[in-house]
Amino acid sequence: MESCNCIEPQWPADELLMKYQYISDFFIALAYFSIPLELIYFVKKSAVFPYRWVLVQFGAFIVLCGATHLINLWTFSMHSRTVAIVMTTAKVLTAVVSCATALMLVHIIPDLLSVKTRELFLKNKAAELDREMGLIRTQEETGRHVRMLTHEIRSTLDRHTILKTTLVELGRTLSLEECALWMPTRTGLELQLSYTLRQQNPVGYTVPIQLPVINQVFSSNRAVKISPNCPVARLRPLAGKYMPGEVVAVRVPLLHLSNFQINDWPELSTKRYALMVLMLPSDSARQWHVHELELVEVVADQVAVALSHAAILEESMRARDLLMEQNIALDLARREAETAIRARNDFLAVMNHEMRTPMHAIIALSSLLQETELTPEQRLMVETILKSSNLLATLINDVLDLSRLEDGSLQLQIGTFNLHAVFREVLNLIKPIASVKKLLVALNLSPDLPEYAVGDEKRLMQTLLNVVGNAVKFTKEGNISITAFVAKSESLRDARAPDFFPVPSENHFYLRVQVKDSGSGISPQDTPKLFTKFAQNQTMATRNSGGSGLGLAICKRFVNLMEGHIWIESEGLGKGCTAIFIVKLGIPEHSNESKLSFMPKLPGHGQTNFPGLKVLVMDDNSVSRSVTKGLLVHLGCDVMTVSSSEECLRVISQEHKVVFMDVCVPGIDGYEVAVHIHEKFTRRHERPLIVALTGNTDKVTKENCMRVGMDGVILKPISLEKMRSVLLDLLEHRVLFEAI
């Protein structure tokens, strides 16, 4: 068997096929070389492509492939070794680059796929953002409508205007077919149709408040869709073949006004609501959107706020009107009270003046009669007249003081005075009365009690005289002790006076005075009445002792003015009592000057007379004029009397040393007379002393006398001893203003 030669014999080249291959390789090479150029152009124009180095690899791969095809053009015919080496090198490089590119594609394909995923994610996010932007635009539109509705609602505080405006604006904004408001009745058991948008239904129609649909709406703070056929939604005419539109209802909280107070906010009831019903047009595919329901809920809340403001305003207006009526009534009562007080004060002033004039005659003539030779029986009668007259004068003073204390016109006359001298003077005044009843009166002044103090000397003395006088009055036998000392801080507070708050300081001190007697005593049930005006103890001893019942009432008011406290202690009837009062007094800044300026008055001037002292008396009342002249003549004065101002100015001369005048005279009054006297006598030593002798006790009288330059003011009535004391003080100090 012959061996087989398996090598196929070489096929001779076909020129046509070779030409086609030659042309194909040329165009393949041309295409390969053009693709890198296009990639280079793409890389230059693209600023965001992330894989530029991959494109470089692709470019190298394509160029090498094109080179192999280009080199193949020389291999179709016989070629040299050099061409074969170049062809081999190109193919090796092409293989390396091809493998590298293939491996790189395995690495970057997941990245390319993730780019696609992110693109889808971004698209979804963009779509979601579009939806959110649409929602925001919808919310902005809803907010704009809410603001517009709120502005319209808040532009008034009238409840009816608020509700009607709400329905109109909601109907226009939401394109509603009907909108209605159901309000609770007074009983709270029914809802009454109160307002409608189209006004096609009779207002006043009622439905029970316990309907399930109403309970459903009232139990939720959101807008609730309800059936178009429920009782509160049957508000439009029958739609025939058309389907009714959707209906929603929302509750509107109402203000509960039963707890309204003018100085506080009223309470918002959680069980009292109105019902607002909104209806879309019939035979409409339109449905309620979420933003529309939110709009309805917000508007319902705004209506509730506006209604609460309106309710508060209505109640405030009602309270204001009531307050105005009360203020008018109070103002009328105040003016009537002021008129009554003025009438009372005018009456008291007139009565005081008119009563002091005859009292002046009685006391003056009695004191003059007392100086004559009298039988014991006559002297007793004269002393009784004087005692009764002084008691009546004291009563007049008490009534006047009480009136001024009650209307607040009485003010303390603050000055520096000798405190020890006040107690000694009270003792000297009381001793003669106590001696008649054979009572022993003792005065105990504490060593630490300041000799001088700052306060109202007259009111302190008046309080002392009243308290000590009461002790003498209600004591038949035994003794009376007067004790005065500086109250210690720990003993100032008293449980019986919760409103008394003493505050010690370096500039003042609290004076404590205790007046203890062995008299009839006071029953416990009568103690609270002692400081009530016109109130008297009903024991036999009190009824026999007399009194107006004003003394302690006035004392209490004086003590209150002096920032103090007064009370009475007694163990019972027949065991005596102790009157205690505390008053606030100042401490003088310059003690030495005070001692020089306020020396105590020496009691008793004996039978001092004033022989040859020329005195002029001006008084239009003939009785008062003659009585005053009698007092002065008895003291040795050379007296001239006149009845008018003109006559006084005509007869007055340098020889007259003192002029007593009544300021209330017809024609030119006493004030003008004083001015004319000052003009007539320009030198002080040539001018007589001008003294007002008056029954007026008002403060204005004293101020007017001081304003026109008078040297003194003396109150009627005047006894012989008082006139003697007045002349002594006038001639010694050339000024004397009696405290009013």
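**Local geometry and helix packing in the predicted model**

Aspartate 711 sits in the loop that links helix H16 (699–707) to strand E18 (712–715); helices (H or I, at least four residues) and strands (E, at least two) are DSSP runs numbered from the N terminus. With a relative accessibility of 4%, aspartate 711 counts as buried, where buried means under 20% relative accessible area, exposed over 50%, and partly exposed in between (1.4 Å probe, protein chains only). Its side chain makes a polar contact of 2.9 Å with the side chain of arginine 687. Such a contact is a pair of N or O atoms within 3.5 Å; within protein, one must be able to donate a hydrogen and the other to accept it, and residues adjacent in sequence count only if both atoms are side-chain atoms.

The model is predicted, so to speak of local features pLDDT of at least 70 is needed and side-chain atom pairs count only at pLDDT 80 or more, while totals for chains, interfaces and linings use all residues. Residues are numbered from 1 along each chain as its sequence is written, and side-chain values use heavy atoms, with hydrogens and water left out.

Turning to the whole protein, it contains 17 helices and 19 strands. Of its 740 residues, 41% count as buried. Among contacts (heavy atoms within 4.5 Å) with a separation of 6 or more, 70% are between residues 24 or more positions apart.

The axes of H6 (residues 290–370) and H13 (residues 622–634) are 9 Å apart and form an angle of about 30°. That makes H6 roughly parallel to H13, since angles under 35 degrees count as roughly parallel, over 145 as roughly antiparallel, 65 to 115 as roughly perpendicular and the rest as oblique. Here axes are lines fitted to C-alpha atoms, for helices over the stretch in contact, and angles run from 0 to 180 degrees between N-to-C directions. On the H6 side, the residues that meet H13 include Thr357, His360 and Leu368; their partners in H13 include Val623, Leu631 and His634. By class, this contact of H6 with H13 has seven nonpolar, seven polar and no charged residues. Ala, Val, Leu, Ile, Met, Phe, Trp, Tyr, Cys and Pro count as nonpolar, Asp, Glu, Lys and Arg as charged, and the others, Gly among them, as polar.

In the second pair, the axes of H8 (residues 419–436) and H9 come within 10 Å and cross at roughly 35°. The contact of H8 with H9 comprises 14 nonpolar, one polar and two charged residues. Glutamate 457, in H9 (residues 457–473), is one of the residues that meet H8. Its relative accessible area of 35% makes glutamate 457 partly exposed. Beyond neighbours within four places in sequence, glutamate 457 is in contact with Phe417 and Val422, and its C-alpha atom lies 7.8 Å from that of isoleucine 414, 43 residues away along the chain.

Lysine 716 and proline 717 are joined by a cis peptide bond, with omega about 0°, and proline 717 belongs to the loop between E18 and H17. Serine 175, although not a glycine, has a positive phi of about 55°; this serine 175 is in the loop between H4 (159–174) and E1 (178–184) and is partly exposed at 43% relative accessibility.
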